[in-house]
Amino acid sequence: MANTAQLLRRQSSRDIVLKTQRSIDQLELRELRGRLVPKEHGVSHHHHTSLHHHHQPMYGATNQGFMSDAFDESSELEQEPPFGSDASTSRIKAELSANVDQQQQPQQQQDIVEGEKEGEERESWDSKIMFLLATIGYAVGLGNVWRFPYLAQKNGGGAFLVPYFIMLCIQGIPIFYLELAIGQRLRKGAIGVWSQVSPYLGGIGISSAVVSFIVALYYNTIIAWCLIYLLHSFESPLPWADCPTRLYKNYTYDHEPECVASSPTQFYWYRTTLQCSESVDMPESFNYHMAIALIVSWFLVYICMVQGITSSGKIVYMTAIFPYVVLIIFFFRGITLKGAADGVAHLFTPRWETLLDPVVWLEAGTQIFFSLGLAFGGLIAFSSYNPANNNCYRDAILVSMTNCGTSMFAGVVVFAVIGFKATATFDRCTEERAGLVALNRTHNLPVCDLQQELANSASGTGLAFIIFTEAINQFPGAQLWAVLFFLMLFTLGIDSQFGTLEGVVTSLVDMKLFPNLPKEYIVGALCLSCCLISMCFANGAGSYIFQLMDSFAGNFPLLIIALFECLSISYIYGVRRFSDDIEMMTGSRPGFYWMFCWKYLSPCAMVTILLASFYQLVTEGSSYPAWIAATGATEKMEWPHWCIVIAFILILSSILWIPLVAILRLCGIKVVEDSDPAWFPEAELREVHGIVPHEPTELERSVFCFNMDGTEGMCCPKYGLPEKSLEEEEE
């Protein structure tokens, strides 16, 4: 969630010193190679104090696999004079005088951690904690707070955790692991990665970039809504606490009838904030407040993406850690409220019969998939800035479990507050019922049901802007709690927005569509175009267009893209080759389970979800809740034909790139230009980890079709771009 790929990284060439100093430092590094601890990823604590004190060692730079090979290492270290002696100093001067003339360009091959050859410098993370915070911030988003609790209580309570964790193990973590590993190995964005796997697969990266662009387009609308509520949270009383009054022609005041028919929070959301029309066909007036909020939100996104690396990396601690601080505060406030225990019990009480419903499994798989942010290209972009020996397996497990743990913790917090609200409503109902009975009015008595009140929780925007705000209204010091809540939603949203846009920006840079344009200009043009297009959300039908894009543009295309990612690694790049790469980077080979998931289990799970989703769409149709002013309530309405056409255009514009690029490539037309593989320290990593050729087991040969000669059955790796050897790259 944060362009934490922008906020938390620095330019790899920012601290490069003069050429002579760098050359001396490289020779000194060579002298120190024998003192490093290669097998256990040990870190050398020797510093280049005398010659290179301005160049702070970068993340991962002390591992032997990250030492530069700019000079010939044919002589043995033990035969060379000790560094610092007169003989060593004379030798250094002699080598420098011989090599300076050959170094005509200012930037030669740099430390492997900086990762690229001359002219292809790539940014890198300042530290491991920055990468983890960025990735956690990207994965943990609004869906953890306002979608998981709703799905859990709707689909069996505690029983929902069974399909949830099963889908996490067979679909979520394997694909998360796959994207982190392939990005770290090939060191490019989504387009560059899949083009290098095979020139015919460049469409996968383009599809990821297109989906990321569309999702970022409407996702920023949520951030704009949060800004509106955050601004008005400083008012006293809160503007959604009571119904507004209306002045009639006879100069009398009364509460707004539409608000009385619904509730203050519903009226403020649908009529004041969104200015909803009664259908998507009637946009009505332009919403200037919403337009201003959209402009401000896109400006904030631009400022953070462009200025983050030059201002302060501390913003990551705000965007990634602040939501957890607020959740913990709300947790301790929530569990002290009356009815909190009833709310949490309602959330986690298992209803085992729901496990027989295939829809429950479908929604569990869908929630896992979108909660982790798979197939957007953001994870591939983030991991491409990691050191080559980063343990991507550990990162995948850590971030995935953190994401799921956050979902459950947020569920406890949300339903503790909802339990308080439901109990307060139930108590008022029982008091009203008792009063009517005392007056002998036994007809049409209100029905008071606590469980029904708890079940009336909403999903998505309804939970955040209606249900939760209504509960906050009843807190002492409601303004403080409202500020905390909407500031938390803002940071959750903007984190995910950064990660989503990073997938687009990295792809544009890697494609070299604008080779002479600085990256900050590309970011600015992207944010400006998104801001202009997002004005379609600033009218009475804007919220309905948002629901249309959210329902179609952000689900089916991502499932299809992830399916092709999995198939490409399994049957074109090769599971065996991919496992060799991971062993080379981390020092340990992926287990049988992960290879089985990549080749068989995960693709089957995604195909099943896709087919079930299409079947559900065809049989049940698709509708949207339209606000009806006369009744003060929402009413389900079918999408008109032009909306269905737009939905198909959104889906096809995303996924058609996959077959289109392949077909055009067969016809000799290159949509994505071929590029050389990024420089990668393969020989050094093999030496550091002591990698020897893997001999497949009998089980691997029978299940994955591994052959003894190193080939793999059911696989076509020959279509990939030819890789250059290290000697060819150095030339």
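Student: With which side chain does the side chain of Asp 495 make a polar contact?

Tutor: The model is a predicted one, and the answer is computed from its atoms. Asp 495 lies in helix H20, which covers residues 478-511. At 2.9 Å, the partner of its side chain is the side chain of Thr 319.

Student: Is Asp 495 buried or exposed?

Tutor: Buried residues have under 20% relative accessible area. The relative accessibility of Asp 495 is 0%, so Asp 495 counts as buried.

Student: What is the largest C-alpha distance among the residues that UniProt lists as "binding site"?

Tutor: An unreviewed UniProt entry gives this feature to Gly 137, Ala 139, Val 140, Asn 144, Ser 371, Asn 403, Leu 492, Asp 495 and Ser 496. These residues are spread over 360 residues of sequence, yet they cluster in space, with a largest C-alpha distance of 13.6 Å.

Student: Which residues does Asn 403 touch, leaving aside those up to four places away in sequence?

Tutor: Asn 403 belongs to helix H17, residues 392-438. Its relative accessible area is 0%, so Asn 403 is buried. The residues that Asn 403 touches are Ala 139, Val 140, Asn 144, Ser 371 and Leu 372.

Student: Why is helix H19 described as largely enclosed by the rest of the structure?

Tutor: Helix H19 spans residues 461-472 and reaches 15 Å from its first C-alpha to its last. Its buried residues, among them Leu 463, Phe 465 and Phe 468, pack against helices H5, H9, H11, H13, H17 and H20. H19 is largely enclosed because the number of its 12 residues that are buried is 10.

Student: What is the handedness of the disulfide of Cys 429 and Cys 448?

Tutor: Cys 429 is in helix H17, while Cys 448 is in the loop between H17 and helix H18, 19 residues apart. The torsion about their S-S bond is about -85°, so this disulfide is left-handed.

Notes
Residues are numbered from 1 along each chain as its sequence is written. This is a predicted model: local features need pLDDT of at least 70, side-chain atom pairs count only at pLDDT 80 or more; totals for chains, interfaces and linings use all residues. Side-chain values use heavy atoms; hydrogens and water are left out. UniProt positions are given in the numbering used here, feature names are shortened, and annotations may be inferred rather than shown by experiment. Helices (H or I, at least four residues) and strands (E, at least two) are DSSP runs, numbered from the N terminus. Buried means under 20% relative accessible area, exposed over 50%, partly exposed in between (1.4 Å probe, protein chains only). Contact means heavy atoms within 4.5 Å. A polar contact is a pair of N or O atoms within 3.5 Å; within protein, one must be able to donate a hydrogen and the other to accept it, and residues adjacent in sequence count only if both atoms are side-chain atoms. The expected span of a helix is 1.5 Å times one less than its number of residues. A disulfide is a pair of cysteine sulfur atoms within 2.5 Å.
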